[in-house]
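Here is a short briefing for someone meeting this structure for the first time. Look over the sequence and the model, then read on.

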Amino acid sequence: MLTKKGKYGLKAMVHLAGRTPGEATLVTDIAVANDIPKKFLDTILGELRNAGFVNSRKGKGGGYTLARPAHEIMVGHIIRVLDGPLAPIQCASHSSYRRCDDCIDEKRCTVRLLMLEARNALATVLDNRSLAEMRALGEMDDANLMYYI
């Protein structure tokens, strides 16, 4: 399950993706616009900065910007930085694999096999969707709406 940290991080990144490239945005503005506690957002943006997803500037005209264009940032990578592996159990993880203590035959474990399938399906979606595509999902195009009476 996506944690609040992951959810807030995605919201903040989508917010930054909607800004003019290079235009810095204050943490307070991101927090207010997305109903995120500012102190928690400070921590999240610090982690995203350390991972190379955002840049920060202090002082007048300071704030946060995306470190790369939104179409180059994959949603799955953001989630892994903030929430860790996508796999629901460790024996199904690619990056944090650990054998289960109670597993007799890992190659035939039905729980592991199904969780591997779930992990792969989730990774296929999240690793092939960019931040720009995620942002576009929320933009309604009134020309494509159908009205029925």
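The points below cover the nonpolar core, a helix pair, one arginine and the cysteines.

The model is predicted. Its largest nonpolar core holds 28 residues. The disulfide count is 0.

**The nonpolar core**
- Seven residues touch the most other members of the largest core: M13, L41, L45, L48, L66, I78 and L131.
- Helix α1 (4-17) gives the largest share of this core, with 6 residues.
- The elements that each give two or more residues are α1, α2 (27-34), α3, β2 (63-66), α4 and α5.

**Helices α3 and α4**
- Helix α3 spans residues 38-50, and helix α4 spans residues 75-83.
- The two helices pack at an angle of about 120 degrees. Their axes are 10 Å apart.
- The crossing of α3 past α4 is right-handed.
- On the α3 side, I44, E47 and L48 make the contact.

- L48 is among the core residues that touch the most other members.
- Beyond its neighbours within four places in sequence, L48 is in contact with G9, M13, F53, V54, I78, V81 and L82.

**R112**
- R112 lies in helix α5, which covers residues 110-126.
- Is R112 buried or exposed? R112 counts as buried, because its relative accessible area is 15% and the cut-off is under 20%.
- Setting aside neighbours within four places in sequence, R112 is in contact with I89, C91, A92, Y97 and E106.

**Cysteines**
- How many disulfides are there? The count is 0.
- For C91, the nearest cysteine sulfur is that of C100, 3.6 Å away. C91 is in no disulfide, because the sulfur atoms of a pair must be within 2.5 Å.
- For C103, the nearest cysteine sulfur is that of C109, at 4.3 Å. C103 is likewise in no disulfide.
- C91 is buried, with a relative accessible area of 3%. C91 is also one of the contacts of R112.
- C103 is buried as well, with a relative accessible area of 17%.

Notes. Residues numbered from 1 in each chain as written. Predicted model: local features only at pLDDT ≥ 70, side-chain atom pairs only at ≥ 80, totals over all residues. Heavy atoms only, no water. Axes fitted to C-alpha atoms, helices over the stretch in contact; angles between N-to-C directions. Helix = DSSP H or I, 4+ residues; strand = E, 2+ residues; numbered from the N terminus. Left-handed = near helix turned anticlockwise from the far one by under 90°. Contact = heavy atoms within 4.5 Å. Buried < 20%, exposed > 50% of the residue type's maximum accessible area, 1.4 Å probe, protein only. Core = buried A, V, L, I, M, F, W, Y, C linked by side-chain atoms within 4.5 Å.
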